[in-house]
Amino acid sequence: MTINAHFTEFFGRPVREFKPGESFDLRTFVPRLSVDYDGVKWARRLEEFLQLPHAGETTHLVAGTYEGFEGDMNAAMAIGPLIEHRAALPKLEALFLGDMTFEECEISWIEPQDAEPILKAFPKLRVFGLRGRVSNFGVQSLPDLEGLILQNTGLTKANLAEILAFEAPALQEMELWTGSEDYGAETSVEDLAPLFSGEIFPRLTRLRLKDSEYADEIAKAVTQSRLFGRLEVLDLSMGTLGDEGAAALLEALPRSGLKLLDLSHHYMSDAMMEKFAVFGPRVVMADQQKEEDRGRYVAVAE
Amino acid sequence: MREPPLLALLAEPGPRLDSWRAACRRMGAPEPILVSYAEALRHPERLTEAAARAGGLRAESPGGGAQIQRLFAEISGHDPGPLPEAEDYGRIAPPGPFLAGLRLAMARLAEAMVETGRPSLTDPEAVPLLFEKLESQSRFQAAGLPVPPLLGAVAGWEDLEAKMRAANLRRAFVKLRGGSAASGVAAVELHGPHVRLWTTATLDASGALFNTRQPQRPLDDEARRWVDALGRLGAHAEAWIPKLKLDGLNADLRLVTLGGAPAHGLVRRARVPQTNLHLGGERLPPEALRARIGAETWARILEVARRAAELFPRHHALGLDLAVHEDGERVFLLEANAFGDHLKGALHEGLDPHEAQVKRMRAWLEAERGPKSGFRFSDKPRDP
């Protein structure tokens, strides 16, 4: 599996591509700003967008491809211009950087990105998402942040430590991909202990730990954790979850408050899947994988 | 008087031979005489004898299996190498010995034609040329046909990258010299400092390539090793034409010309650049493309096909791969296949490509011998 489609929705609203020179219904749609391969830079696309009569009303924004085929792909190409024009976007509350399909840019090709400046420049963000590796988050105080999304195949220990140190008392939903060792992923389940303690992010109820090579360990640890009782959504999709982790989830599910357990792209046996059937649509088990000679693979492994 | 067989077929057992037998049966013609490639190459008189007994000749694809590879290598004086083992299944062999063997087989066909005076649906001179993809593309280019810009032979990654950059090409197709059925075809993309391949082979640690039906997408250094492996086998490259998309999938057209006229068409589409049907390409009727591009562009496709077929006037059936650029305007001839007329389910004037050729052979023979020759065939199109 790969990322082969753009967002159709972001933070509850439908996404539409912004086309220069055309009007845009900002009240209904989230604008997606991307460049084609015609040499136009993302900065120029943003300036075109800001010429819309009501651009200052923008609350949600999605950035797609930043560059054409030559050169490095890096969110800095959007971050710099966004910071420069931050006064023109006073109401921005939901931002995603890097909504690109694998055809446009393999996720591992996105150069490590410095996320510190954009979060410092927009401290009132309610949702922040970024695709691709991150070099630095810095120390962040984000009092309004409700949702955080980080999608890449190479989550480092430093990335995770910085995120878990965010001062984000309002955080309700977190999506992290722990990724593949082949692409620089460094974390293990022990690194998640501060999160599972339930002491940080007191309002966190939706946890998505995806694309993980240690999904079994996550399942076992999270079900034993103080955080677990609070969770409404647990998403361990795109990883290598097998019967071992599934057994822990199965045992813990009846005493949980989970409304959704997403285990899509998993290595569970048919027998294990049948045991989850009694929970109906609360448990999503799409895309069963078969273990190959060389082992299990996360969904996005490059 | 018992009817003599209509066709002597130089062919191998398999679906293609089955299709010819079925076509003869449906057209009311006697069972064709089969001469295998091994018989034709090891016993030169067999093909001539078969031709003498039959009305006319046709060669069919030898396929690319290990036995044929060994036969062709041995007969052309190459070392056939050790007997293939189970783990060698799908291994891509260097094309040289195969092409040499194919040329010898076609020389046998030419002799049989000369010695018996029998007509042939297959032009023995056209076949090796059509298997040499760089040569045939160059010939089309020289004739002014719209082929993708050609980069020539490539020895490996460095050579390919230099040629792509010199031609200002970001995307290229690397093809094995003498390849067919997408064997060893890799679509290469440069992406800034990165490289990505779309291919249908796997690369093992020793650098050997194996065909697979599972599309592969190696990146960066792995992709570079791939191109090196193709270069060692003997490869050439051309610009990768981004194909028009139908419902988001890459689409192209296999068009069979019969006697120089476009006849059977089949639109193929796939998520990956290789649309070959045996790799899971989806089949659509030609109307799906015609409706999308309009009558004028469609007419240009047919014109390109006619002009391509004109270059091989004695080769009755050509399987042409044509694509419309994603700009919706430009038409490209991607490939011409000597044995590209095995299209299940494609009908033209009520007949499939093999049935249509059975009918054509009968018409040739009747014209030559007159209607009282003893050849009587049903001319009734089968029920669709």
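Q: Which residue does V174(B) stand opposite in β9(B)?
A: In this predicted model, V174(B) stands opposite A237(B) in β9(B).

Q: And how do β5(B) and β9(B) pair, over how many bridges?
A: β5(B), residues 171–176, and β9(B), residues 235–239, pair in the antiparallel sense over five bridges.

Q: What about β5(B) and β6(B), what sense and how many bridges there?
A: Antiparallel, over four bridges, with β6(B) covering residues 186–191. In that pairing, A172(B) stands opposite V188(B).

Q: Why is β5(B) described as largely enclosed?
A: Five of its six residues are buried, so β5(B) is largely enclosed by the rest of the structure.

Q: Nice. What is the strand order in the six-stranded sheet of chain B?
A: The order is β4-β9-β5-β6-β7-β8 in an open sheet, and the pairing is antiparallel. β4 (150–154) and β8 (209–216) of chain B stand at the edges. Each edge strand has a single partner, so one side of each is left without a neighbour in the sheet. From one strand to the next, the twist averages 30 degrees.

Q: How many bridges are there between β4(B) and β9(B)?
A: Four, in the antiparallel sense. As one example, L150(B) has E238(B) as its bridge partner in β9(B).

Q: Which strands does α8(B) touch where it packs on the sheet?
A: α8(B) touches β4, β5, β6 and β9 of chain B, and its direction makes about 165 degrees with that of β4(B).

Q: At what angle do α8(B) and α9(B) pack?
A: About 100 degrees, with their axes 8 Å apart; α8(B) spans residues 157–166 and α9(B) spans 220–233. That angle is why α8(B) is roughly perpendicular to α9(B).

Q: Which residues meet there?
A: From α8(B) there are W157(B), D159(B) and L160(B), and they meet R224(B), V227(B), D228(B) and G231(B) in α9(B). By type, the residues of this contact divide into three nonpolar, one polar and three charged.

Q: Let me pick on D159(B). Is it partly exposed or buried?
A: D159(B) counts as partly exposed, because it has 18 C-beta neighbours inside 10 Å.

Q: What is D159(B) in contact with, leaving aside its neighbours within four places in sequence?
A: V154(B) and G231(B).

Q: How far apart are D159(B) and R58(B)?
A: They are 40 Å apart in space, C-alpha to C-alpha, and 101 residues apart in sequence.

Q: Changing topic: what is the order of the three-stranded sheet in chain B?
A: β2-β1-β3, an open sheet with parallel pairing. Its edge strands are β2 (33–35) and β3 (56–59) of chain B, each pairing on one side only. Neighbouring strands are turned by 25 degrees against each other on average, direction ignored.

Q: Which helix packs on that sheet?
A: Helix α3 of chain B, residues 44–53, which touches β1, β2 and β3 of chain B. The direction of α3(B) makes about 165 degrees with that of β2(B).

Q: How many bridges join β1(B) and β2(B)?
A: Three, in the parallel sense, with β1(B) running over residues 7–10. A8(B) in particular has I33(B) as its bridge partner in β2(B).

Q: What about the nonpolar cores, which residues of the largest one touch the most other members?
A: L10(B), V174(B), A308(B), L322(B) and L333(B), out of 107 residues in that core. Not counting residues up to four places away in sequence, L333(B) touches several residues, including F140(B), L145(B), V304(B) and A308(B). Apart from this core lies another of 86 residues, among them F11(A), L97(A), L249(A) and V283(A).

Q: Last topic, backbone angles. What is the phi of M238(A)?
A: It is positive, about 70 degrees, although M238(A) is not a glycine. Most residues other than glycine have a negative phi. M238(A) lies in the loop between β12 (233–235) and α7 (243–252) of chain A, and counts as buried because it has 26 C-beta neighbours inside 10 Å.

Q: And D247(B), is that one buried or exposed?
A: D247(B) is exposed, with 10 other C-beta atoms within 10 Å. Phi of D247(B) is also positive, near 50 degrees, and D247(B) lies in the loop between β10 (245–246) and β11 (249–258) of chain B.

Key: Residues numbered from 1 in each chain as written. Chains lettered and ligands numbered in written order. Predicted model: local features only at pLDDT ≥ 70, side-chain atom pairs only at ≥ 80, totals over all residues. Pairing = 2+ DSSP bridges. Helix = DSSP H or I, 4+ residues; strand = E, 2+ residues; numbered from the N terminus. Axes fitted to C-alpha atoms, helices over the stretch in contact; angles between N-to-C directions. Contact = placed C-beta atoms within 7 Å. Parallel < 35°, antiparallel > 145°, perpendicular 65-115°, else oblique. Nonpolar A, V, L, I, M, F, W, Y, C, P; charged D, E, K, R; others polar. Buried ≥ 20, exposed ≤ 12 C-beta atoms within 10 Å, placed from the backbone. Core = buried A, V, L, I, M, F, W, Y, C linked by C-beta atoms within 7 Å.
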